[in-house]
Amino acid sequence: MTTPQQQFLELLRSGLWGKAADTTLFQKGVDWKAVLRIATEQTVQIIVADGIETLPEELWPPKEIMLKLMMIRIKTQQLHNLLNSTLNQIVEALNAENLPSVLLKGQGVAQNYRKPESRSCGDIDIYIGRKNFAKGCDIIRNLNKEEQTYTPESEQHLHLELNGVVIEVHKIASEINQRSKAGDFEKWTNEATISHLDTFYENQGTRINLPEPTFNAFFILYHAIRHMFSEGIGYRQICDWAMFLHKNHQRINTEELKKKLKEYRLTAIWREFGILAHKVIGLPKEEIPLYPEKDESGITEELTRHIFISGNFGKYDTFRRDPNEKNYLKRKWRSFRFQSSRLFKLFFLFPTFTLTYGWGWFTNSMKLFIRHS
């Protein structure tokens with residue numbers, strides 16, 4: 001691990017937990033541009049800024065960097081305010097039509113942070129379920145009086161826009177690589193969301209429903225893992241899961257979780273990411289359900305390397321895509337090479353899940369290729 005990476009992680013831990021950063025890592029000089037570049041790639045700039053503020057002022061970055069961080073903090077707070085007001089608008093419109101909804105990830109996950117406003121935010125994922133999906137989409141679409149375009153419906157969700165915010169209206173919470181388990185997962189989702197509306201938080205006077213904690217612990221990690229296998233993940237996704245466990249570990253049904261992890265072939269992944277969350281992020285092991293008695297796995301360093309290389313959702317993996325390539329077949333061939341290479345590397349970390357995910361990815365890719373050829 002490079003010195004800027006070590007310094008980044010120290011500031012990240014400090015910002016997350018509110019503890020003073022270890023000054024010895026910063027007394028021999030800091031390449032602040034490198035540290036802040038990593039924070040940007042991992043989408044945790046403000047959490048790192050919170051960590052910087054625990055250092056003595058003589059160890060702070062130059063004034064121009066502190067001013068830049070201040071501007072990012074202001075913009076992040078403005079986006080939080082916009083998402084919160086837009087979320088209320090959506091939920092109240094659905095409530096008026098007696099349509100229950102549950103918030104996935106996003107602003108709901110932010111509530112687990114020491115400073116929710118320090119978490120970088122993006123869109124709103126609202127789960128309605130299959131039964132009320134069409135009606136819910138119409139209600140949300142009609143909130144925007146201006147003419148708009150929207151992404152056609154996929155199996156998972158519909159993309160809309162409101163107040164400049166991307167809204168993903170979910171029919172299902174997530175696709176499942178094991179096709180035979182898709183129905184079971186959708187049933188579990190409904191039981192933990194639409195049929196279970198006693199987990200919530202108050203957002204400026206509006207009740208926002210959240211998934212049941214055991215399901216959410218599984219879902220937050222599963223969502224991150226799917227991105228890791230398809231694109232890549234950053235430390236923001238790891239922090240989301242870690243902070244959720246920090247706040248909710250006592251509400252998680254360990255036996256049910258153990259059963260679901262085995263059923264969806266995630267036992268090894270849960271174990272290794274638990275070790276990562278403890279050793280790298282600083283989450284206490286007693287707050288991680290099913291934490292292994294022996295945590296010398298040998299792959300924590302390799303997982304860390306994957307995260308640093310890919311950044312937030314793989315956007316900083318330079319091989320992943322060429323924005324200048326116009327030819328469809330060449331784009332697909334590049335994508336195929338990237339994905340194959342990624343799965344080959346991940347196979348040595350998580351062979352069982354990689355085989356399951358890889359087969360689902362390959363068959364879907366072939367269907368899409370044939371359809372567009």
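The structure is a predicted model, in which local features need pLDDT of at least 70, side-chain atom pairs count only at pLDDT 80 or more, and totals for chains, interfaces and linings use all residues. Residues are numbered from 1 along each chain as its sequence is written, and side-chain values use heavy atoms, with hydrogens and water left out.

**Confidence**

The protein has a mean pLDDT (the predictor's confidence in each residue, from 0 to 100) of 89, with 87% of its residues at 70 or more. Helix H3 (residues 45-52) has the highest confidence, at 98, while helix H14 (residues 351-372) has the lowest, at a mean of 70. Helices (H or I, at least four residues) and strands (E, at least two) are DSSP runs, numbered from the N terminus.

**Two helix pairs**

Two packed helices are described by the angle between their axes and the distance between the axes. Axes here are lines fitted to C-alpha atoms, for helices over the stretch in contact, and angles run from 0 to 180 degrees between N-to-C directions.

| Helix pair | Angle | Axis distance |
|---|---|---|
| H7 (residues 182-192) and H8 (residues 213-230) | about 130° | 9 Å |
| H1 (residues 3-17) and H9 (residues 235-248) | roughly 35° | within 12 Å |

On the H1 side, Phe8, Leu9, Leu12, Leu16 and Trp17 make the contact (heavy atoms within 4.5 Å), and H9 brings Tyr235, Cys239, Met243 and His246. By class, this contact of H1 with H9 has eight nonpolar, one polar and no charged residues. Ala, Val, Leu, Ile, Met, Phe, Trp, Tyr, Cys and Pro count as nonpolar, Asp, Glu, Lys and Arg as charged, and the others, Gly among them, as polar.

Phe185, Trp188, Thr189 and Ala192 of H7 meet Phe215, Phe218 and Phe219 of H8. The classes in the contact of H7 with H8 are six nonpolar, one polar and no charged residues.

**Two loop residues**

Asn144 sits in the loop between helix H6 (133-141) and strand E3 (157-162). Its side chain reaches the backbone oxygen of Glu161 at 3.1 Å. Leaving aside neighbours within four places in sequence, Asn144 is in contact with Glu161 and Leu162.

Lys181 lies in the loop between strand E4 (165-170) and H7. Not counting residues up to four places away in sequence, Lys181 touches Ile176, Glu263 and Tyr264.

Definitions and conventions
Polar contact = N/O pair within 3.5 Å; in protein donor to acceptor, adjacent residues only side chain to side chain.
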